[in-house]
Amino acid sequence: MSGRKKVAVLISGRGSNMSALIEAAKEEKFPVDISLVISNQPTAKGLETARSHGIEAVAIDHAEFETRETFEQELHKTLVSRDIEMVACAGFMRKLTASFTRNWEGRMINIHPSLLPKYKGLNTHQRALDAGDEEHGCTVHYVTAELDSGPVIMQASVPILKGDTADDLAARVLTEEHRIFPLALARVAEDLAGQ
Ligand code: GRF
């Protein structure tokens, strides 16, 4: 299908959300082509998974760069060199500076495992349990310079059940992440295509 948006997925690890996007993009009607996967961790399992689907997968190891800015310059250069139009952060564990996010404003989204604005940052499942919450969930949002704070695109909630461990809750939330991330990506791609 012509007119599909060229999307890069940024990962740092296992890449199950990336896989959900790749599977969704196999549908002819999905408005996105997953063209590139980049990991800041060279050992990320998701790189191999992407390659097994015939997708170019590149490691850009942040540890090899002196500063956050030089790492981001390489990231940006790589995205631009592949004509990437949108970026999906899927378990990408690097904070991004304003000079990077500005370039991708309205075109970069992230999946976060909490019902934002609750529990920005790490250990969201344990924090929801510790707070005695009755529900938890995940959020897809636009990426801005402030961590986990950009406009919300889509959310899904799950119940917190008696006796849940953080792992139980993470698994329940992850199922919803895999469901809504492709939906949100498609919505943003369609909005951009209509502009
Ligand atoms: C997901 O829970 C995501 O929301 C969070 O990190 C996890 C990444 O998992 N930011 P995966 O790499 O997509 O399997």
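1. Let me start with a loop: Pro 117 sits between β5 (108–112) and α5 (124–130), where helices (H or I, at least four residues) and strands (E, at least two) are DSSP runs numbered from the N terminus. A cis peptide bond links Leu 116 to Pro 117, with omega at about 15°.

2. A note on the basis: this is a predicted model, in which local features need pLDDT of at least 70 and side-chain atom pairs count only at pLDDT 80 or more, while totals for chains, interfaces and linings use all residues. Residues are numbered from 1 along each chain as its sequence is written, and side-chain values use heavy atoms, leaving out hydrogens and water.

3. Another loop to look at is the one between α3 (68–81) and β4 (86–89), which holds Asp 83. Asp 83 is not a glycine, yet its phi is positive, at about 60°. For context, most residues other than glycine have a negative phi, and most peptide bonds are trans.

4. Now the ligand. Around it you will find Arg 14, Gly 15, Ser 16, Asn 17, Gly 91, Ile 111, Pro 113 and Glu 177 (a residue is near a molecule if one of its heavy atoms lies within 4 Å of it). There are polar contacts to check too, meaning pairs of N or O atoms within 3.5 Å. A ligand oxygen lies 2.5 Å from a side-chain N or O atom of Ser 16, and a ligand oxygen is 2.6 Å from a side-chain N or O atom of Glu 177. For Gly 15, a polar backbone atom is 2.8 Å from an oxygen of the ligand.

5. Helix α1 (residues 16–24) packs on helix α2 (residues 45–52) at about 15°, with the axes 9 Å apart. Axes here are lines fitted to C-alpha atoms, for helices over the stretch in contact, and angles run from 0 to 180 degrees between N-to-C directions. The pair is therefore roughly parallel (under 35 degrees). Met 18, Ser 19 and Ile 22 of α1 meet Gly 46, Thr 49 and Ala 50 of α2, with contact meaning heavy atoms within 4.5 Å.

6. On the α1 side, the contact involves Ser 16, Asn 17, Ala 20, Leu 21 and Ala 24. From α6 come Leu 174, Glu 177, His 178, Phe 181, Pro 182 and Leu 185.

How values were computed
Angles under 35 degrees count as roughly parallel, over 145 as roughly antiparallel, 65 to 115 as roughly perpendicular and the rest as oblique. A polar contact is a pair of N or O atoms within 3.5 Å; within protein, one must be able to donate a hydrogen and the other to accept it, and residues adjacent in sequence count only if both atoms are side-chain atoms.
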